[in-house]
Amino acid sequence: MNRSVAVANGKGGVGKTSTACNLAGLTAASGARVLVIDSDPQGHVALNFGYDIERQTDQGASMLKAVLTGGLPDVTKDVRPNLDVIWGGEQLEELAIHLNVRRMSGRGGAGAYSETIKAIAAQYDFVFVDCPPGGHILQEGVFGAARWVLVPAKTDKGSLAGLRDIARRFDVAHEINPDLELLGVFLFGTQSSARRVIREARADILKELEGLDDSIVLTSFIRQVEAAARDEREMGLLAHELEAAAEEAEPWYVQRQNGKSDALVVARSSSSLAGDYSELAREVHDRIAKAEALLAGTSA
Ligand SMILES: Nc1ncnc2c1ncn2[C@@H]1O[C@H](COP(=O)(O)OP(=O)(O)O)[C@@H](O)[C@H]1O
Ligand SMILES: [Mg+2]
């Protein structure tokens, strides 16, 4: 059963990496065996898990080698309980060049990357792939291997263009990989959770995705919470881990009374961010389970 979810959008800065990491973390915490593949030469998955890109990751070297030699990439085990990671980073630029050269010389293209992803993905219950922005050949490779595409979307003008881009690329990829389905689009970084604002934002998204049923926009969304988002990357903790840390920490005045100067101060907004991701994870897993049940019903 292919349960690979590509988190993608044509634009950068719309929440792809944060979404991939948080959904993966929650899925692993629920007991499933999870793999995260960072497919972005920026390698920012490391930041969300609290790893130093240069000192603690291979920056994509093992993925590059695996695609070149046809073997399996090395994974970093137990980055969290039940959760392994294949890092991204600058070595993936090499991989992209290599795939482009293959394409230009008529020896395939992104397909070799798709095959490597499929081979390693088969060892896990769920795989979340963080995609690079833009018309990257690596994203094409991910779409050739994935079952689902999940799209975080912001609704400013520039970000809406990224949505159009991904919809087009999805259509092309679907021709090559008929298993690929759009799991949904959801609002990322909304400044207000007021019903009217959310309704208008969803309408803006649907306008970009003309022809698609309005059920394509998920009901869950991720609020904009600057402080909690900054804590995520500064502390290298996922939203639900931050929430737990905030609950455990003594209030700052107690810490101060006890003479602790380097008090752990976690933004109070961490609990609303964790709640948003928890809702999103629930909806994503519901959709996958429903689709699988439907498939089992039709093939039975
Ligand atoms: N809920 C949030 N509210 C505000 N900013 C956020 C939130 N989540 C993440 N961010 C910040 O937004 C920026 C883009 O997020 P990221 O997940 O890296 O997007 P992408 O992978 O699409 O480039 C990062 O600086 C991140 O820290
Ligand atoms: Mg990213």
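How many residues surround ligand 1, and which are the closest?

1. There are 17 residues around ligand 1, the closest being K16, T17, S18, Q224 and A229; a residue is near a molecule if its C-beta atom, placed from the backbone, lies within 6 Å of it. Two or more shell residues come from each of α1 (16–29), β8 (222–223) and α10 (226–235). The shell divides into 5 nonpolar, 8 polar and 4 charged residues (Ala, Val, Leu, Ile, Met, Phe, Trp, Tyr, Cys and Pro are nonpolar, Asp, Glu, Lys and Arg charged, the others, Gly among them, polar).

2. This is a predicted model, in which local features need pLDDT of at least 70, side-chain atom pairs count only at pLDDT 80 or more, and totals for chains, interfaces and linings use all residues. Residues are numbered from 1 along each chain as its sequence is written, while chains are lettered from A and ligands numbered from 1 in the order in which they are written.

3. The protein chain has 13 helices and 8 strands (DSSP runs numbered from the N terminus: H or I, at least four residues, for helices; E, at least two, for strands). Its C-alpha trace spans about 70 × 45 × 45 Å along the principal axes.

4. Helix α1 packs against α13 (residues 270–299) at about 75 degrees, with the axes 10 Å apart (lines fitted to C-alpha atoms over the stretch in contact, angles running from 0 to 180 degrees between N-to-C directions). α1 is therefore roughly perpendicular to α13 (65 to 115 degrees). N22, L23, L26 and T27 of α1 meet Y277, S278, L280, A281 and V284 of α13 (contact: C-beta atoms, placed from the backbone, within 7 Å). These contact residues comprise 6 nonpolar, 3 polar and no charged.

Definitions and conventions. Parallel < 35°, antiparallel > 145°, perpendicular 65-115°, else oblique. Contact = placed C-beta atoms within 7 Å.
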